[in-house]
There are 2 protein chains.
Amino acid sequence: MGKVTSEISMSLDGFITDPNASAGSPLEGNDPGRLHDWRFDAKTETDTAIVEIYASTGAVLLGKRMFDVGFEPWGDPPPFRMPVFVVTHGAREPLPMQGGTTYTFVTDGIEAALELARAAAGDKNVGIWGGANLMRQYLKAGLLDEMQIHLIPLLLGGGVRLFEDLDPEGIELRRTSLIETPGATHFRFEV
Amino acid sequence: MGKVTSEISMSLDGFITDPNASAGSPLEGNDPGRLHDWRFDAKTETDTAIVEIYASTGAVLLGKRMFDVGFEPWGDPPPFRMPVFVVTHGAREPLPMQGGTTYTFVTDGIEAALELARAAAGDKNVGIWGGANLMRQYLKAGLLDEMQIHLIPLLLGGGVRLFEDLDPEGIELRRTSLIETPGATHFRFEV
């Protein structure tokens, strides 16, 4: 069985979205896309290797807001190319896309969603790829094995914080890897 | 002339004090002292070298709250062993301590305090050693040359945030060094 691992880019001041992010333009605002430059314009061979770690992921969990914000820009085929489970309150038929991505909407909580994702992932990892709220829910529930944080030397001043309203009681982190590239510092923590 | 450089330990979730920090017990609470373990129990040779960088500092700037919180635990002689300028609203006579530290209280703003600190530091650096609010004031005013952040793999869940209510317009950071030790990840940013 694979691990349950979260993966996100965070500014030095703790934000994972730009202050002006909104549905359909998740990366726009004062600093369009600068949280994610390391994956694109500023990408190095090391960054590529880090992105390729995603090949070890067999299913993805997303929060509803993240899905709403991302759905349009991800397009069709979406970049996932694997089953994606969206944790939501609103029941909805599964939405098959091109290229191997199917969005499945799970309404009975994070544990049920994780069970489905584990079954779909087989031996591979389950990736929790956003948003912050969903990551915190899995972290609090003790269901997260590993957090990957790409720390970007950038101050955003506003937006969605990765860590907010979190009671850290009982949560211990151990830094297991740290890789430095020009655009980011890639941390991996065992929870 | 030396640089103006800030230096602080921050948890992964962005806090520089424990949720229960208070005057006289700045490090107590749920995780007493864990933000600063890297300087003490978990210290390695590399951490020692980083701490010794303080030898390049000729004068220190502190915020009033930081001074109030730290005054008792720092004791006499305080650890600074150099002139310390406290930015405050309340006028007060200078307070000479043992071992080379004199606390001087500056009531006419951060620029005036910096001028005094520069004069006292000579060729050495001026260190802004807390709290978060004072660092942000110097950062906003464009008076900070370098930020050192010791990032600690720890979630505190509350306390004072280093980055809060900060308009980052016009502030660019460049990561100039990154050193990994067991207890911390030591970042240095050019502003």
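Helices (H or I, at least four residues) and strands (E, at least two) are DSSP runs, numbered from the N terminus. The model is predicted: local features need pLDDT of at least 70 and side-chain atom pairs count only at pLDDT 80 or more, whereas totals for chains, interfaces and linings use all residues. Residues are numbered from 1 along each chain as its sequence is written, chains are lettered from A and ligands numbered from 1 in the order in which they are written, and side-chain values use heavy atoms, with hydrogens and water left out.

**Figure 1. Fold of chain A.** Along the sequence, chain A reads β-α-β-α-β-β-β-α-β-α-β-β-β, a pattern with four helices and nine strands. The radius of gyration of chain A (taken over C-alpha atoms) is 16 Å, close to the 16 Å from the globule rule (2.2 Å times the number of residues to the power 0.38) for 191 residues, so chain A is as compact as a globular protein of that length. The C-alpha trace spans about 40 × 35 × 35 Å along its principal axes. Of the contacts in chain A (heavy atoms within 4.5 Å) with a separation of 6 or more, 66% join residues 24 or more positions apart.

**Figure 2. Contact between chain A and chain B.** Chain A contributes 28 residues to the contact, and chain B contributes 28 residues. Together the two chains bury about 2,500 Å², 60% of it on carbon and sulfur atoms; buried area is the accessible area (1.4 Å probe) that two parts lose on being put together, summed over both. A:Leu12, A:Leu155 and A:Arg175 supply 26% of the area that chain A buries against chain B, more than any other three residues.

Figure 3. The loop between strand E3 (83–87) and strand E4 (95–96) of chain A holds A:Ala91. This residue is exposed, at a relative accessible area of 71%; exposed means over 50%, buried under 20% and partly exposed in between (1.4 Å probe, protein chains only).

**Figure 4. Packing of helix H4 in chain B.** Helix H4 spans residues 132–140 of chain B, and its buried residues include B:Leu134, B:Met135, B:Tyr138 and B:Leu139. The buried residues of H4(B) pack against several elements of chain B, among them strand E1 (4–11), strand E2 (57–63), helix H3 (110–121) and strand E7 (146–152). After H4(B) comes B:Gly142, with a positive phi near 70°.
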